[in-house]
Amino acid sequence: MLKFLVSPGELVLKGRNRGFFERQLDRNLRLALGKSLYRQDRFGSRRLLQVDGKIEEAQSRLRSVFGISRFASVNKADNWDDLKKQLKNILQEKSFRTFAIRAKNKDTKGLSGQKMNERLGNFIGKDFPVKVDLEKPELTIYVDHYPHAFYFHFGWQQGAGGLPVGISGQVLSLFSGGIDSPVAAYLMARRGCRVDLLHFYALDNAESVLASKIKPLFHLLQRYTVSSQLILLPYAPFYQAIRQRPPTGNEVVLFRRFILRAGERLAVKNGYRALVTGDNLSQVASQTLANIVATTETVKMPVFRPLIGFDKKEIIDWARRIGSYELSIRPYQDCCALVQKHAKTRVNLAAITKEEKQLKLEKALTSTLEKTVVVSGN
Ligand code: ATP
Ligand code: MG
């Protein structure tokens with residue numbers, strides 16, 4: 001049986017809401033680890049998880065749970081003699097010349113952390129040809145002494161950070177399948193939101209979308225968002241409406257207004273509190289300040305843009321870390337590619353609203369929403 005010590009992050013700061021946050025974290029841990037989670041105990045704010053199965057698999061699942069700042073695969077020792085015996089066995093297998101002990105007394109009547117450091121340091125120094133180095137040790141041994149046992153390990157791993165999904169309410173994230181929008185959805189989930197995805201497709205039907213990169217991207221994001229839904233809407237009604245006339249350069253902003261309005265309608269009906277996009281200031285013509293303002297003006301609901309101030313490289317780094325990058329760059333028939341030619345960097349709002357009426361985009365919106373398909377996670 002594997003054992004993990006899990007250290008929550010910002011939860012510790014959350015005052016009276018802390019119990020609520022912690023319960024959500026525990027639920028999310030159970031969902032992430034599924035049947036492999038055999039037992040879950042709490043020591044203060046820390047969790048001790050006992051997990052069946054392969055260590056790599058368990059670590060990868062733990063890395064996807066928001067609200068964890070770090071975790072470690074630990075061994076348990078019942079008393080001092082047991083601790084020394086186990087350490088000796090494990091250290092024989094390791095090659096190191098310098099080491100440090102970082103021991104902590106977690107509310108027991110036993111020795112202080114400093115005394116434990118000394119005692120264990122002497123013990124190891126006697127049996128192995130190694131030296132203490134507190135600055136840059138080749139091996140660090142962490143020991144926590146709890147009232148019922150010792151737990152020791154050889155290093156923390158970084159967790160996903162953020163807050164447990166579910167504590168911040170629901171948002172609807174506009175998801176194109178490009179590089180940016182999966183990262184935007186991820187970052188909102190990382191702040192504790194339940195995130196559902198809304199995708200407009202230019203393919204012929206929803207089945208073809210589910211055979212494309214959109215489905216694996218959705219599944220990948222679900223590792224972090226726990227149990228989100230993917231909502232699919234056709235782009236065709238919008239495209240048929242704008243194709244009636246020669247291009248004006250307003251198409252991208254018209255499209256973005258159209259999808260925000262569709263998002264707002266779904267959001268009001270289904271209890272989402274805000275919309276999310278992967279916009280990044282001045283990255284492309286649709287994302288100049290003027291065009292973002294003209295786009296947002298059409299909805300009342302807050303639109304969050306977690307990537308607005310990032311550099312492209314920073315977004316790509318996130319996408320790589322999340323694992324979405326390789327999927328995002330797969331070829332796909334993108335709606336924006338169809339409307340992006342000769343886009344104006346600064347649209348005229350009066351002209352835009354006039355065009356919307358002429359093109360009867362409200363009618364196109366109704367017929368789009370009639371074709372809503374909802375895909376759930378499992
Ligand atoms: P991305 O990498 O997310 O596709 P982008 O840099 O290609 O972004 P745009 O194509 O202008 O920029 O899209 C900006 C944002 O608009 C996207 O991040 C997404 O939130 C939303 N969006 C664009 N196309 C779609 C679509 N087909 N379905 C849903 N949302 C979309
Ligand atoms: Mg795009």
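Helix α1 (residues 18-33) supplies the largest share of a positive surface patch, three residues. The members of that patch are Arg23, Arg27, Arg30 and Arg194. Patches here are built from residues with over 30% relative accessible area and no salt bridge, like charges being joined within 9 Å and nonpolar side chains (Val, Leu, Ile, Met, Phe, Trp, Tyr) within 5 Å. Lys and Arg count as positive and Asp and Glu as negative, while His and the chain ends are not counted; a charge is placed at NZ of Lys, CZ of Arg, CG of Asp or CD of Glu. Helices (H or I, at least four residues) and strands (E, at least two) are DSSP runs, numbered from the N terminus.

Please keep in mind that this is a predicted model, in which local features need pLDDT of at least 70 and side-chain atom pairs count only at pLDDT 80 or more, whereas totals for chains, interfaces and linings use all residues. Residues are numbered from 1 along each chain as its sequence is written, chains are lettered from A and ligands numbered from 1 in the order in which they are written, and side-chain values use heavy atoms, with hydrogens and water left out.

Arg194 belongs to strand β12 (residues 194-201). With a relative accessibility of 31%, Arg194 counts as partly exposed; buried means under 20% relative accessible area, exposed over 50%, and partly exposed in between (1.4 Å probe, protein chains only).

There is a nonpolar patch to look at too: Leu281, Leu289, Val293 and Ile308 make one of about 360 Å². The areas come from the Shrake-Rupley method with a 1.4 Å probe, and for residues only the protein chains shown count as cover. Ile308 sits in the loop between β15 (303-304) and α11 (312-322), and is partly exposed at 34% relative accessible area.

Now to the salt bridges, each a side-chain nitrogen of Lys or Arg within 4 Å of a carboxyl oxygen of Asp or Glu. The whole structure holds 21 of them, and the table shows some.

| Salt bridge | N to O distance |
|---|---|
| Glu22 and Arg18 | 2.9 Å |
| Arg46 and Asp144 | 2.7 Å |
| Asp317 and Lys313 | 3.0 Å |

Glu22 and Arg18 are about one helical turn apart, because four residues separate them in helix α1. Glu22 is buried at 6% relative accessibility, and Arg18 is partly exposed at 27%.

Arg46 and Asp144 meet in a salt bridge. This pair links distant parts of the chain, with Arg46 in strand β3 (residues 46-51) and Asp144 in strand β8 (residues 139-146), 98 residues apart. Arg46 is buried, with 9% relative accessible area, and Asp144 is buried at 7%.

In helix α11, Asp317 and Lys313 lie four residues apart, about one turn of the helix. Asp317 is partly exposed at 32%, while Lys313 is exposed at 57%. Elsewhere, Arg257, Arg261, Arg265, Glu297, Glu356 and Glu362 are joined into one network by salt bridges that share partners.

Finally, consider helix α7. The expected span of a helix is 1.5 Å times one less than its number of residues, so the twelve residues of α7 (residues 214-225) should span 16 Å, and the 16 Å between its end C-alpha atoms agrees. Buried residues in α7 include Ile214, Leu217, Phe218 and Tyr224. Just after α7, Val226 takes a positive phi of about 70 degrees.
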